[in-house]
Amino acid sequence: MIWLQITANTGPAECCLAVHKALKRLLQEASQAQVEVSLIEEIPGPVAGTLRSVFLKLESAAAGESGAGLLARRWSGSLLWVCPSPYRPLHKRKNWFLSGAIYSAAAPLPDSEIRYTATRASGPGGQHVNKTDSAVRATHVASGLSVKVQSERSQHANKRLAGQWLAARLAALGQQAQDEDKAQRRLQHHQSERGNAARVFTGMDFQEQAGR
């Protein structure tokens with residue numbers, strides 16, 4: 001099982017339309033690759049028929065080399081849609097960016113760290129949206145981060161998926177924080193080599209240079 005998010009980030013309506021188109025294309029590719037795709041969450045865009053973000057669960061039909069993994073990698077990273085704006089005909093911009101991110105499975109969180117709340121399913125989906133209170137929102141008590149899952153028919157299945165997704169989200173945020181910290185340290189290292197030093201020390205005895 002692989003989690004995949006495709007998002008327009010803070011892009012305009014054109015980027016959100018690109019997410020909608022990307023989802024449609026991904027579903028076609030998944031069918032050809034015998035990969036089952038479950039729509040875990042979708043956030044609508046500012047215009048009807050657009051999506052700000054989708055969060056998907058990919059599972060391969062066959063064992064062995066993961067078709068889900070291959071498909072997810074094809075849709076990860078920066079993605080570009082080149083097209084004149086369908087909403088602003090006179091707009092000069094033709095490049096619309098979206099991005100895909102893979103979330104790896106993470107160790108489950110203790111139930112004591114999660115608050116589960118049953119809620120009614122909402123949003124698009126037609127007959128596939130369960131009208132009962134089987135959707136589940138999982139909230140990480142310490143951080144306040146929450147996710148909502150309504151893709152499964154039973155509350156128990158949605159609860160299990162919500163816990164898994166929440167753990168994956170937290171792990172990804174932790175990794176992102178580590179990566180940002182490393183990038184900041186590299187920047188500080190670069191600045192310490194090339195920037196103007198606030199204090200200057202000289203010699204083996206590490207004496208401070210006068211006049212600083």
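**The main core and its surroundings**

Mentor: The largest nonpolar core has 26 residues, and those with the most contacts inside it are I6, L58 and W75. A nonpolar core here is a set of buried Ala, Val, Leu, Ile, Met, Phe, Trp, Tyr and Cys residues joined through side-chain atoms within 4.5 Å. Buried means under 20% relative accessible area, exposed means over 50%, and partly exposed lies in between (1.4 Å probe, protein chains only). Two or more residues come to this core from each of strand 1, helix 1 (13-32), strand 3 (51-60), helix 2 (67-74), strand 4 (77-82) and strand 5 (95-103). Helix 1 gives the largest share, nine residues. Helices (H or I, at least four residues) and strands (E, at least two) are DSSP runs, numbered from the N terminus.

A word on the ground rules. This is a predicted model, where local features need pLDDT of at least 70 and side-chain atom pairs count only at pLDDT 80 or more, while totals for chains, interfaces and linings use all residues. Residues are numbered from 1 along each chain as its sequence is written, and side-chain values use heavy atoms, with hydrogens and water left out.

The chain has three helices and ten strands. Their order from the N terminus is β-α-β-β-α-β-β-β-β-β-α-β-β. There are 212 residues, and 33% of them count as buried. Take contacts between residues at least 6 apart in sequence: 54% join residues at least 24 apart. Contact means heavy atoms within 4.5 Å. As a general rule, nonpolar side chains tend to be buried together in soluble globular proteins.

Go to I6. Neighbours within four places in sequence aside, I6 touches V19, A22, L26, R52, S53, V54, W75, L98, S99 and G100.

Next is T7, in strand 1 (residues 2-7). T7 has a relative accessible area of 12%, so it counts as buried. Its contacts, leaving out neighbours within four places in sequence, are V19, R52, S53, L98 and S99. The T7 side chain also reaches the backbone oxygen of R52, at 3.4 Å. That is a polar contact: a pair of N or O atoms within 3.5 Å, where within protein one must be able to donate a hydrogen and the other to accept it, and residues adjacent in sequence count only if both atoms are side-chain atoms.

Helix 2 is worth a look. G67, A68, G69, L71 and A72 are its buried residues. Their cover includes strand 1, helix 1, strand 2 (35-44), strand 3 and strand 5.

Strand 4 holds L80. L80 is at 47% relative accessibility, so it is partly exposed. Its contacts, neighbours within four places in sequence aside, are N95, W96 and F97. L80 and W96 are 16 residues apart in sequence, yet 5.7 Å apart in space, C-alpha to C-alpha.

Turn to the aromatics. The structure holds three aromatic pairs. In the W3–F55 pair, the rings are 5.7 Å apart centre to centre, with 35 degrees between the planes, which counts as tilted. Because W3 lies in strand 1 and F55 in strand 3, this pair ties together parts that are 52 residues apart in sequence. Rings of Phe, Tyr and Trp (its six-membered ring) pair if their centres lie within 6.5 Å; planes under 30 degrees apart are stacked, over 60 edge-to-face, the rest tilted. Both W3 and F55 are buried. W3, F55, Y103 and W165 form one aromatic cluster.

The whole structure has zero disulfides. C15 is in none; the nearest cysteine sulfur, that of C16, is 6.8 Å away. A disulfide needs two cysteine sulfur atoms within 2.5 Å. C15 is at 2% relative accessibility, so it is buried. C83 is at 23%, and is therefore partly exposed.

N9 sits in the loop between strand 1 and helix 1, and Q34 in the loop between helix 1 and strand 2. N9 is not a glycine, but has a positive phi of about 55 degrees. Q34, also no glycine, has a positive phi of about 55 degrees. Most residues other than glycine have a negative phi. N9 has a relative accessible area of 46%, so it is partly exposed. Q34, at 56%, counts as exposed.
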